[in-house]
Amino acid sequence: MRIVIAGGHGQIALRLERLLAARGDEVAGIIRHPEQGDDLREAGAEPVLLDLESASVEEVAEKLRGADAAVFAAGAGPGSDAARKDTVDKGAAVLFADAAVKAGVRRHVVVSSMGADPAHQGDDIFDVYLRAKGAADAYVQGLSALDSTILRPGALTNDAGTGLVRLEAKTGRGSVPRDDVAAVLAELVDSVATAGLVLELVSGSTPVSVAVKSVAGN
C-alpha cells in the first residue's frame, strides 16, 4: 500500500511510519520544515514538504493522488494558541479530508482525542482543542466519499508499548503509550470494515490485532 500521513514528523506519525515501512508499505509523511526530512527518511518514509495551514485543496490532493490510504496525524501541539487549534486541529483536518476526496483516496484514518466534541464547553485552551477536534471529526464523518475511521486515544505516554489495548466505542478514561496508538493505526489502515466508526483507545488486555478485528466485526 501507499499511505500518506499528515503531520509526518509527529511522535505518533514517526512510530507509524516505522511500522508501515517495516511491513513493506510505501509511506509518505507531510512536513512543514525541510530539516525534519532526515527523521522521516530514517523512519523509512518519504518526506513531502507542504504547509497544511496555507496549502490549497488541490495542492494537498496532488500529494495524495495514487495513495491507497490517508492518515491525519497532524496537530498544533500543546504550546499552541487557540487560533492554531482552529487552523490546524480543525482547519487542516478538514482540508486534508477534502483533498482525499478530490484525489479519490477513500480510506481515511483520523487521530483525534478522547473527549473531542464540537459542543464541548469551557474556555481553557484544552477546551478549545476538544471543540476543534470534535468539529473536524464531525466534518469527516459527513463525507460519504471517504471510508473514515476516527481514533480517539486517551492520555498519551512515552512508555514502551505493550501491544495490549482496549479499543471500543466508549472505553472510559485512561492512558495509552504512543507505541500502541501507532500499532492500532497500522492495523486500522488495513481494516476498511471499521469505516464509519469512532473508537476510543486506552491500554488494556487485548492484543492490538485482535482488538481491531473485534471492532471490525470479524
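**View 1. The buried side of helix H6.** Buried here (under 20% relative accessible area, 1.4 Å probe, protein chains only) are Arg178, Asp180, Val181, Ala182, Val184, Leu185, Ala186, Leu188 and Val189 of H6. Helices are DSSP runs of H or I with at least four residues, strands are E runs of at least two, and both are numbered from the N terminus. This is a predicted model, so local features need pLDDT of at least 70 and side-chain atom pairs 80 or more, while totals for chains, interfaces and linings use all residues. Residues count from 1 along each chain as its sequence is written, and side-chain values use heavy atoms, without hydrogens or water.

**View 2. Two nonpolar cores.** A core is a set of buried Ala, Val, Leu, Ile, Met, Phe, Trp, Tyr and Cys residues joined through side-chain atoms within 4.5 Å. The largest has 33 residues, and Val184 and Leu185 are among those with the most contacts inside it. H6 gives the most to this core, seven residues. A second, separate core of 32 residues includes Leu50 and Ala103.

**View 3. Who lines the largest pocket.** Its lining has 40 residues, with Ala73, Ala74, Gly75, Ala76 and Gly77 nearest the centre. A pocket is an open set of points on a 1 Å grid over the protein atoms alone, where a 1.4 Å probe fits, with protein on both sides within 12 Å along at least five of seven lines; lining residues have an atom within 4 Å of a point. H4 gives the most to this lining, five residues.

How values were computed. Buried < 20%, exposed > 50% of the residue type's maximum accessible area, 1.4 Å probe, protein only.
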